[in-house]
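My notes follow in the order I looked things up.

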Amino acid sequence: QHMQQTEEPSASAEKAAQVGSLLELAQASASNNKKSLTKQPRFQEMLQTIQNMMAADPMDDDVRPASLDYGLDNATSGALVAASNKRAAGAAAKLFRERKAQKTYLAIVFGHPEEDEWSVDAAMGRDPEDPRIDEDDGKACETRFRVLKRGVLTLKGKFEGVPVSKVEVTPVTGRRHQIRVHLMWSGHPIVGDNAYSEDRDSFRTFLHAHKLTMPFDEPVGTMQ
């Protein structure tokens, strides 16, 4: 009664399991990444291997992995999400579409915000290649912020000693560069963000995807 009969794994199942293992390695690499992911040779090698396996036949439709969804631009480090098969991709896409997936970021920003918590709902332009605030004809979006710590920058360079804050960021919507643009709009751009701040000296953009919570239906349940 404590044993369960199993069948020999199919070639498709074995290949799916291999892809899953590679995705776990990629996620572990991403979660500890301190530089742009696009510049990490080991990470690029894993992604290429995964993509090659996705394209290879034979694999059944129910286990064939869906395309990778990196979810981060190359200025942001942190956690990634990728679906191991089409059904998982559909379930994940539904959570994002219904805004049930919860994303949490950490950022180091210039200045000390007056409030401990605030939100920005300034609309952004509809052109994804030119993200900017456009309250007249832009698309609605919202980001919430919470100050975790105030201090000074200890990074050697031009801005050493200036006031900075560690901020927890929760985007309600997911427009391109939304967090970076909304922090700039708040008057507290991200340290090292050479697109939306005057900082050209810091070695990276201090924005990190800290946590992703996916409340799947049972029997999978919430994944974090």
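**Entry 1: surface.** Before the area figure, I noted what it rests on: accessible areas come from the Shrake-Rupley method with a 1.4 Å probe. On that basis the protein chain exposes about 13900 Å², and carbon and sulfur atoms supply 47% of this area. I reminded myself that this is a predicted model.

**Entry 2: confidence.** The protein chain averages 75, and 68% of the residues score at least 70. Confidence is highest in β4, at 97, and lowest in helix α1 (residues 11-31), where the mean is 46. I marked two stretches where pLDDT stays under 50: residues 1-39 and residues 57-70. The model still has contacts beyond four places in sequence there, 52 for residues 1-39 and 45 for residues 57-70. I am leaving those alone for a simple reason: where pLDDT is low, the predicted coordinates should not be read in detail.

**Entry 3: overall layout.** I counted four helices and seven strands in the protein chain. Along the sequence they follow the pattern α-α-β-α-β-β-β-β-α-β-β. Of the 224 residues, 39% count as buried. I also looked at contacts with a separation of 6 or more, and residues 24 or more positions apart account for 61% of them.

**Entry 4: strand pairing.** I followed β5 to its partners. β4 and β5 run antiparallel and are joined by nine bridges. One pair I looked up here is valine 152, whose bridge partner in β5 is proline 163. β5 also pairs with β2 in the antiparallel sense, over six bridges. Isoleucine 108 stands opposite lysine 166 of β5. I kept a general point beside these pairs: in a regular strand the side chains alternate between the two faces of the sheet.

**Entry 5: helix α4.** Which residues of α4 (residues 178-186) are buried? I found Gln178, Ile179, Arg180, Val181, His182 and Leu183. The buried residues of α4 pack against β2 (102-110), β3 (117-120), β4 (143-152), β5 (163-171) and β6 (207-215). After α4 comes glycine 187, and I noted its positive phi, near 90 degrees.

**Entry 6: glutamine 178.** This residue is in helix α4. Is glutamine 178 buried or exposed? Glutamine 178 counts as buried because its relative accessibility is 2%, and the cut-off for buried is under 20%. Leaving aside neighbours within four places in sequence, I listed the contacts of glutamine 178 as Met124, Cys141, Glu142, Thr143, Pro171, Val172 and Thr173. I also looked up the C-alpha separation between glutamine 178 and alanine 123, which is 9.6 Å; the two residues are 55 apart along the chain.

**Entry 7: arginine 180.** I stayed in helix α4, where arginine 180 also has its place. With a relative accessible area of 6%, arginine 180 is buried. What does its side chain make a polar contact with? The partner is the side chain of aspartate 193, at 2.8 Å. Asp193 is also on the contact list of arginine 180 beyond four places in sequence, along with Asp73, Ala75, Ile190, Ala195, Tyr196 and Leu207.

Methods
Residues numbered from 1 in each chain as written. Predicted model: local features only at pLDDT ≥ 70, side-chain atom pairs only at ≥ 80, totals over all residues. Heavy atoms only, no water. Helix = DSSP H or I, 4+ residues; strand = E, 2+ residues; numbered from the N terminus. Buried < 20%, exposed > 50% of the residue type's maximum accessible area, 1.4 Å probe, protein only. Contact = heavy atoms within 4.5 Å. Pairing = 2+ DSSP bridges. pLDDT = per-residue confidence, 0-100. Polar contact = N/O pair within 3.5 Å; in protein donor to acceptor, adjacent residues only side chain to side chain.
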